[in-house]
Amino acid sequence: MSTLTTPFGFSSTAAEVAEGIDLTGRQAVVTGASSGLGAETARALAGTGAGVTLGVRDTVAGERVAKGITASTGNQGVRVAQLDLADPESVAAFTAAWQGLLHVLVNNAGVMACPKQYTEQGWEQQFATNHLGHFALATGLHDALAADGNARVVVVSSTGHQQSPVVWDDVNFAFRPYDPWLAYGQSKTANALFAVEATRCWADDNITANALMPGAIYTNLQRHTGGRGSGRVPAELIKSVEQGAATSVLLTTLPHLEGVGGRYFVDCNETEAVDRRSGTLHGVAHYAVDADNARRLWNLSQDLLARAKSS
């Protein structure tokens, strides 16, 4: 399987990637779109003519962003819906309310390196928000995605996945000391694995899923780290929000990626699989794209959600 390349790269912006793309009549959902990369991703998709739903916890902030997107793009099909990914009932309400086809789902929302915290279900907060909430959202919207016949799911992961694989026997840090970066890394590995298994499971529905590293961008995601992420990224590798949203938009819009799934992209191009930390923002760990790991995570996620529903 050859590595996929595109005409775009590190400095490309979401608007540049989306230029000339017409998605009129199609529907997209972008989670975490009340600020940062999510808002810019939604803006670029709205610029293509797509109807865009902003799935957000803070609907007031979401409405403010939606109005700005409509004003800048002229697209009247931008709407806001409440969505708290750490709350299974909120996710269920969102999916139950969805009507019609869904062409694009961008799993963008996330938390990073937060203090030790658990949901009502006893799930570690980063694993719950970054992975389980998006897993429940995507599977809950499966029928709408399948009805399109050519839907795409885009999952925002991170090079932070190289901090940790999924620790199968202790995803919730019940037995090992909590470390915010290990928890973040585990959740980002889960994001990448979801794309692998979703593409396999949903192949007959022509649904594809790809994961990506957006780059190092200063947004609200860094609120738990003093606003500067890990603090280890060289200044020349820091992207603007417009550049950071480019890979997400590329994976939703680029025509020659039709039918492509289960892959991991950085700077608008597929990146190589690595056996050790690369020391750069490129590279995806083999454990994060391993088919057996992906299947195991899918089964674990289904089990956790089923137990929460029955309790």
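Buried stands for under 20% relative accessible area, exposed for over 50%, and partly exposed for what lies in between, using a 1.4 Å probe and protein chains only.

Before going on, a word about the model. It is a predicted one, in which local features need pLDDT of at least 70 and side-chain atom pairs count only at pLDDT 80 or more, while totals for chains, interfaces and linings use all residues. Residues are numbered from 1 along each chain as its sequence is written, and side-chain values use heavy atoms, with hydrogens and water left out.

Now find the sheet. Its eight strands form an open sheet in the order β3-β2-β1-β4-β5-β6-β9-β10, and the pairing is mixed. β3 (78-82) and β10 (269-270) each have a single partner strand, so one side of each is left without a neighbour in the sheet. Two strands count as paired if DSSP finds at least two bridges between them. The strands (E, at least two residues) and helices (H or I, at least four) are DSSP runs, numbered from the N terminus.

Let us look at some of these pairings. Strands of a sheet pair through backbone hydrogen bonds, either parallel or antiparallel. Strand β4 (residues 104-107) and strand β5 (residues 152-156) run parallel and are joined by four bridges, with Val-104 standing opposite Arg-152 of β5. On β5 there is also a parallel pairing with β6, over five bridges, where Val-156 has Leu-212 as its bridge partner in β6.

How many of the six residues of β6 are buried? Six of the six are, and the strand is mostly covered. In a regular strand the side chains alternate between the two faces of the sheet. You can follow this along β6: Thr-208, Asn-210 and Leu-212 point one way, Ala-209, Ala-211 and Met-213 point the other way, and all are buried.

Helices lie against the sheet too. Helix α4 (residues 88-97) lies across β1 (27-31), β2 (51-56) and β3, running at about 145 degrees to β3. Helix α7 (residues 180-201) packs on the sheet as well, touching β4, β5, β6 (208-213) and β9 (264-266), and its direction makes about 155 degrees with that of β6. Contact means heavy atoms within 4.5 Å. Axes are lines fitted to C-alpha atoms, for helices over the stretch in contact, and angles run from 0 to 180 degrees between N-to-C directions.

Is Glu-197 buried or exposed? At 2% relative accessibility, Glu-197 is buried, whereas Arg-295 is partly exposed at 31%.

Arg-295 has another partner, Asp-292, in a salt bridge of 3.5 Å from N to O. These two are three residues apart in helix α10, so about one helical turn separates them. Asp-292 is exposed, with 53% relative accessibility. Through shared partners, salt bridges join Glu-197, Arg-200, Asp-292 and Arg-295 into one network. Across the whole structure, eight salt bridges are found.

Finally, visit one more residue inside a helix. His-134 lies in helix α5 (residues 125-140) and is buried at 3% relative accessibility. Leaving aside neighbours within four places in sequence, His-134 is in contact with residues including Thr-31, Leu-85 and Asn-107. For a contrast, turn to Gly-20 in the loop between α1 (14-18) and β1: Gly-20 is exposed, with a relative accessible area of 78%.

Definitions and conventions
Salt bridge = Lys/Arg side-chain N within 4 Å of Asp/Glu carboxyl O.
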